Amino acid sequence: MRTPVVMTLGMVLAPCGLLLNLISTLAPGWRLVKGFLDQPVDVVLYQGLWDICREQSSRERECGQPDQWRYFEAQPVLVARGLMITSLATTAVGLLLASLGVRCWQEEPQFLLAGLSGVVLFAAGLFSLIPVSWYNHFLGDRDVLPAPAQPVTVEVSYSLVLGYLASCLLLLGGFSLALSFAPWCEEHCHSCRKAPPAGPRRSSISTVYVDWPEPTLTPAIKYYSEGQHRPPPTEYGATRKPKVGFPMPQPPPKAYTNPVDVLDGEGGKAATSQGASSRSTRPCHSSLPCDSDL
């Protein structure tokens with residue numbers, strides 16, 4: 001299996017962020033102070049978290065300068081020391097987890113471990129971004145970060161820029177590796193759907209079994225249908241399957257009667273027909289008119 005793109009991107013950005021973060025922590029270049037009245041114009045002081053260096057165009061850089069303004073006792077400097085070291089240690093742990101999770105030398109990477117490494121690297125980026133942003137916020141405040149009065153000027157130096165860049169790389173690399181949680185979550189949820197239930201399934205409202213009473217029907221209709229004999233309920237009650245759903249009760253059969261008497265009027269018609277037949281058989285005398293003459 002090819003290494004996913006998100007893992008490759010995270011493994012590229014995270015080491016770069018670690019290197020820049022290390023340079024930003026150790027290099028004395030968080031703030032640049034220049035414009036001293038009692039010194040040459042080209043004298044510049046570089047203030048970092050651990051050291052102060054003096055640089056002049058005609059001389060080499062001289063580090064280990066005395067802290068005349070109690071710069072190292074400022075709260076942003078003390079907080080930045082602790083958080084930058086924490087960021088470096090967290091980044092090292094995140095890269096170790098990422099190396100074990102990506103495992104480019106094997107067929108399948110460990111998505112869960114790679115995702116955890118992304119979370120750790122993202123936290124490392126936050127640990128370095130907080131002190132850099134806080135220091136930059138109070139860069140020109142001489143009450144928080146001590147510095148000589150005007151006309152001395154203070155500016156941002158290269159270490160602060162590297163700290164910002166390192167934080168962004170760690171955040172992007174951590175986020176990229178954290179996307180490895182997606183395949184693991186998809187696989188885990190898919191296996192959970194396929195897993196059988198641990199206990200008996202509870203019946204819902206759609207699977208309620210209702211045993212309606214049998215309607216009272218005549219034996220001919222109940223036990224005989226289309227010429228086939230059906231045994232009474234006592235014979236197949238033991239092997240009877242449970243009913244599903246809600247069967248509708250069957251109404252008892254009704255006997256239909258004709259309210260009109262079909263024999264009514266048959267007697268009158270019979271009497272009329274008998275009279276007609278008797279007249280037709282009576283002998284015709286000459287003194288009486290016959291039916292044939294009418």
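Modeller: Two strands pair if DSSP finds at least two bridges between them. Strands (E, at least two residues) and helices (H or I, at least four) are DSSP runs, numbered from the N terminus.

Biologist: What kind of model is this, and how are residues numbered?

Modeller: It is a predicted model, where local features need pLDDT of at least 70, side-chain atom pairs count only at pLDDT 80 or more, and totals for chains, interfaces and linings use all residues. Residues are numbered from 1 along each chain as its sequence is written, and side-chain values use heavy atoms, with hydrogens and water left out.

Biologist: How do I read the sheet? What is the order of its strands?

Modeller: In a regular strand, side chains alternate between the two faces of the sheet. Here the sheet is open and has 5 strands. Their order is E4-E3-E2-E1-E5, with antiparallel pairing.

Biologist: Which strands stand at the edges?

Modeller: Strand E4 (62-63) and E5 do. Each has a single partner strand, so one side of each is left without a neighbour in the sheet.

Biologist: Take me across the sheet. How many bridges join E3 and E4?

Modeller: E3 and E4 pair over 2 bridges, in the antiparallel sense. Look at Arg-54: its bridge partner in E4 is Glu-62.

Biologist: What joins E2 to E3?

Modeller: A hairpin, through 4 residues. E2 pairs with strand E3 (residues 52-55) in the antiparallel sense, over 4 bridges. Find Val-44, and you will see it stand opposite Glu-55 in E3.

Biologist: Which strands does E1 pair with?

Modeller: Begin with E2. Strand E1 (residues 31-34) pairs with strand E2 (residues 44-47) over 4 bridges, in the antiparallel sense. Val-33 has Leu-45 as its bridge partner in E2. Then turn to strand E5 (residues 153-156). E1 pairs with E5 over 4 bridges too, again in the antiparallel sense. There, Lys-34 has Thr-153 as its bridge partner in E5.

Biologist: Now the helices. At what angle do H1 and H4 pack?

Modeller: Two packed helices are described by the angle between their axes and the distance between the axes. Axes are lines fitted to C-alpha atoms over the stretch in contact, and angles run from 0 to 180 degrees between N-to-C directions. Helix H1 (residues 5-26) packs against helix H4 (residues 158-178) at about 155 degrees, and their axes are 7 Å apart. H1 and H4 are therefore roughly antiparallel to each other (under 35 degrees counts as roughly parallel, over 145 as roughly antiparallel, 65 to 115 as roughly perpendicular, the rest as oblique).

Biologist: How do the residues of that contact divide?

Modeller: The contact of H1 with H4 has 16 nonpolar residues, 8 polar and no charged. Ala, Val, Leu, Ile, Met, Phe, Trp, Tyr, Cys and Pro count as nonpolar, Asp, Glu, Lys and Arg as charged, and the others, Gly among them, as polar.

Biologist: How far apart are the axes of H2 and H3?

Modeller: They are 8 Å apart, and helix H2 (residues 75-102) packs on helix H3 (residues 111-137) at an angle of about 165 degrees. H2 and H3 are therefore roughly antiparallel to each other. Their contact holds 21 nonpolar residues, 9 polar and no charged.
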